[in-house]
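Open the model in your viewer and keep the selection panel handy. We will go from one stop to the next, with a note on what to select each time.

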Amino acid sequence: MKRFLLAMLSVMLIMTSCTARNNTASSPSSSTPQGPSAEKPEEESAGFVEEDGLLLEDISLLEHAVREFGEEDGILQYGDIFSCKILYPVSGMIEVDQTIAQWAKQACDDASREIEELAARSDNPQGSLTYNYNSYLIQDQFAGVEEIGFYTHSGLAHPIDPIAVFNIDLQSQKIIPNSELFTTGKTGAVLEQLSEKLQSENPEISANMLEALDESWLENALLKPEGVEIILERGSYLPSYLGTKRVLFSYKELGDALSIGHRLTAQSTETPQNPADESKQDGSTAAPSRNALDKDRPVLALTFDDGPTVTTGKILDLLEEHGGRATFFMVGNSVQNRSEIVQRMVAQGSEVANHTWDHKPLNKLDPQAIRQQLQSTSDVIYEVCGVRPVLMRPPYGAFNDQVKTVASEMEVAIINWSVDTLDWKTRDAAATYNSIINEAQNGSIILCHDLHRETGEAMVTVIPELIARGYQLVTVSELLNTAGAGAIPGTVYTSA
Ligand code: ZN
């Protein structure tokens, strides 16, 4: 049975990768009642499916795979306890092809050995490793290949997201070693810029997380048409709950810090980008420009639950107009139909957060159902905007120890509030305004609902008034960072 399923899944994986689309009718997850996406509409297949305890990545994670270099080839190997599927490009450049094929075989062998060792220690071990890739051409001079992996086995609490990068010089037909991509002695300024970009693009990254920053952070530097992308693999550089981070440097920005810079013409450095598309494609967050926080002025976090709705768009308009950010705790089943609004949140600098799939009280559910509520929502948010939430708010603010444990396992912090506007009850813009203006103070987390039109109306006066009173309207992650250690997974916060 298991073998058959694996074979079937493999065929489907190949099908989906060829068409680069979710095949919803035959999606493995839709035929798996216990799968994480069982409750979801069929077009929203989860990132991976669980079958008899074995996790297999749905290769359609790379829905928009870019294939500008080489022809697709790969390794496919499956057995009772371990399966491995690694896709990679072959180009006809012998040395390049050999290096990449050897890397793939090594990755497969290493993982296979690990599962065999696990078998000696535990009953019924299961594991799988998959990689899919993007390949880019840069001015017909270079190619960049990024291998995006997903590795899991029954001895791991969390799957691992390994990354491998190959940069190829098409003239010499050789792979450029990572150590030779940057000019010796010129990486200091790049690292400084990397630190700045990481902090300005990711409010959840605090300065002390960057203390260990050194040249090793440049190891996964990928050549792309628009510049060099530094990929920081999940858990290897920053706390793992922050996920994989990507930072793009244009070729112009890097100048002669890049050893091959002189071979690239300047015109490629100004490629205009649609922030929403970019973040959707490869998971990097678009970089909204935002002013640094003033430590001497009070901060507070406006939070909106139960959206996205039409009102959400109006609130984003107001934040844009007056300058401010908010946090949106969204119900997963509303996200897909309003993906543009979710993308706007990210582009505008607001924070996307998890409010379960369909607003069930989590304290009444078993751990598996809690996990499913959070996972499916996190997946759909990631799917539409490229950002995976690090915060969740339980419906009705209701949690217990089980909810905390699952939240900790899923690496999200639990956010309740210090100011309850009761906007859902009063449904009156003036009452909501009074509640916020009277109760707000430095460090407040304010509970509102963008489900209600009246709440949107209240914001027309609330947002400019708070700013006039000197408040900086920040996201919850920013608020918790300003106050100290940031949002720790599994911990409950009601204010900073
Ligand atoms: Zn709610």
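Start by selecting the zinc ion: its protein donors are Asp 306 (OD), His 355 (NE2) and His 359 (NE2), lying 2.1 Å from it. Donors here are N, O and S atoms within 2.8 Å of the metal (3.2 Å for Na, K and Ca), and water is not among the atoms, so sites may look incomplete. Along the chain, these donors follow the spacing D-x48-H-x3-H. Now colour Asp 306 in strand S12 (residues 299–307) and His 355 in the loop between strand S14 (351–354) and helix H9 (367–385): this pair links distant parts of the chain, 49 residues apart. Helices (H or I, at least four residues) and strands (E, at least two) are DSSP runs, numbered from the N terminus. Asp 306 and His 355 are both buried, where buried means under 20% relative accessible area, exposed over 50% and partly exposed in between (1.4 Å probe, protein chains only).

A word on what you are viewing: this is a predicted model, in which local features need pLDDT of at least 70, side-chain atom pairs count only at pLDDT 80 or more, and totals for chains, interfaces and linings use all residues. Residues are numbered from 1 along each chain as its sequence is written, and side-chain values use heavy atoms, with hydrogens and water left out.

Next, select the open sheet of six strands, which has the order S3-S4-S5-S6-S7-S8 and mixed pairing. At its edges are strand S3 (71–78) and strand S8 (174–175), each pairing on one side only. Two strands pair if DSSP finds at least two bridges between them; S3 and strand S4 (residues 82–90) pair in the antiparallel sense over eight bridges. Zoom in on Tyr 78, and you will find its bridge partner in S4, Ser 83.

Which cysteines form the disulfide? Select Cys 84 and Cys 108, whose sulfur atoms are 1.9 Å apart; a disulfide is a pair of cysteine sulfur atoms within 2.5 Å. The structure holds one disulfide. Cys 84 counts as buried because its relative accessibility is 1%, and Cys 108 is buried too, with a relative accessible area of 1%.

For the last stop, select helix H12 (residues 429–439), where Thr 432, Ser 435, Ile 436 and Ile 437 are buried. Show what covers these residues, including helix H11 (423–426) and helix H13 (453–468).

Finally, zoom out to the whole chain: it has 14 helices and 20 strands, and buried residues make up 55% of its 496 residues.

Definitions and conventions
Contact means heavy atoms within 4.5 Å.
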